[in-house]
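Reader: I'm new to this one and would like to talk through the spaces inside it. Could you show it to me before we start?

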Amino acid sequence: MPIRHVLLALLVVAIWGFNFVVIKLSVAAMPPLLAAALRFFFAAFPLVFFVKPPKVHWVWVAGFGLALGFGLYAFLNLSLAWGMPAGLASLVLQVQAFFTMALAFVILGERPSRFQVIGAIIAFAGIAVIATGRLGGASLVPLVMTLLAALCWGLANVLTKRAGKVNALSFTVWGLLAAPLPLLALSLLVEGPPAVTAALLGFDWSDAALIAFLAYPATLLSGVIWSWLLGRHPATVVAPFTLLVPITGLLSGYLVLGETITGIEIAGGVLVIAGLLVTLWRSRSIEPAIRLD
């Protein structure tokens with residue numbers, strides 16, 4: 001992967017790390033599913049009126065939007081609202097790299113290397129360590145929700161790869177169009193019309209600032225860059241770059257929200273990052289020395 005592509009990947013994961021803090025603040029200010037619906041509504045509109053549809057079958061576009069917008073953020077927002085710390089969520093969610101590898105094998109036929117399998121085993125051992133510290137109560141539920149969010153992210157990565165080299169902005173904007181209505185419907189069903197109505201009537205400038213960050217830098221800008229990278233490199237090479245997200249996420253959670261992390265969670269986190277490092281090292285070792293794109 002050329003250095004300019006590496007720098008773009010690093011920009012994305014830095015934004016995504018701080019994104020967890022902003023999501024945590026947004027789900028404290030309004031119903032979590034409604035916050036996700038507003039995020040993707042404003043990410044898609046009004047750009048959808050100015051960006052041509054991508055030249056790819058609508059199944060991949062809609063599938064990407066539902067996996068990323070509806071699946072990932074329905075589970076993630078609920079997990080954060082139900083007690084998952086923002087910093088810890090930024091760490092656990094990175095197992096998406098291994099869900100990506102598994103789904104890429106099933107859907108795309110991309111066979112993982114022996115090192116990638118070893119890395120996955122190490123990382124999931126870290127998740128198991130974290131889970132042991134959260135078995136005492138309902139805190140295990142947010143952990144499971146975060147893992148389901150990671151699975152949806154992995155599916156979105158593979159669907160993006162399956163779509164091929166399409167216009168990244170077009171693919172992202174039109175894909176995200178599939179998310180707001182299902183999220184709003186789920187919000188009305190789960191959170192109830194009174195809560196949704198009260199949140200919309202009480203929507204103020206601070207709420208708007210949170211949604212604006214989530215919709216534009218954290219979704220559109222990062223999503224376009226990520227889709228562009230996945231269209232030009234193997235999913236197994238791009239996905240592991242997210243190992244840096246927990247660093248920004250944990251630091252942001254500590255500085256902004258005053259979150260702490262337990263010794264058991266630190267031990268599990270070290271294993272997760274170690275597994276990702278094993279995978280990334282192996283991916284770099286098999287990447288061609290010269291690329292023309």
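**Cavities in the model**

Author: Please keep in mind that this is a predicted model. Its largest cavity has a volume of about 220 Å³.

Reader: OK, and how many cavities of 30 Å³ or more does the structure hold?

Author: The structure holds 2 cavities that reach 30 Å³ or more.

Reader: Staying with the largest cavity, how many residues line it, and which lie nearest its centre?

Author: There are 22 residues in the lining of the largest cavity, and those nearest its centre are Trp16, Leu68, Leu72, Tyr73 and Trp153. Two or more lining residues come from each of α1 (3-29), α2 (32-44), α3 (58-81), α7 (140-163) and α11 (205-230).

Reader: And which element gives the largest share of that lining?

Author: That is α11, which supplies 6 residues to the lining of the largest cavity.

Reader: What does the lining of the largest cavity look like by class?

Author: Counted by class, the lining of the largest cavity has 14 nonpolar residues, 7 polar residues and 1 charged residue.

Reader: Switching over, what volume does the second largest cavity have, and which residues line it?

Author: The second largest cavity has a volume of about 50 Å³, and its lining is made up of Thr160, Gly164, Val166, Asn167, Ala168, Phe171, Ser227, Trp228, Gly231 and Arg232. The elements that give two or more residues to this lining are α8 (168-176) and α11.

Reader: And by class, what is in the lining of the second largest cavity?

Author: For the second largest cavity, the lining has 4 nonpolar residues, 5 polar residues and 1 charged residue.

How values were computed:
Residues numbered from 1 in each chain as written. Predicted model: local features only at pLDDT ≥ 70, side-chain atom pairs only at ≥ 80, totals over all residues. Heavy atoms only, no water. 1 Å grid on protein atoms, 1.4 Å probe; cavity = no way out; pocket = protein on both sides within 12 Å on 5 of 7 lines; lining within 4 Å. Points joined across faces, edges and corners; volume = space filled by probe spheres on them. Helix = DSSP H or I, 4+ residues; strand = E, 2+ residues; numbered from the N terminus. Nonpolar A, V, L, I, M, F, W, Y, C, P; charged D, E, K, R; others polar.
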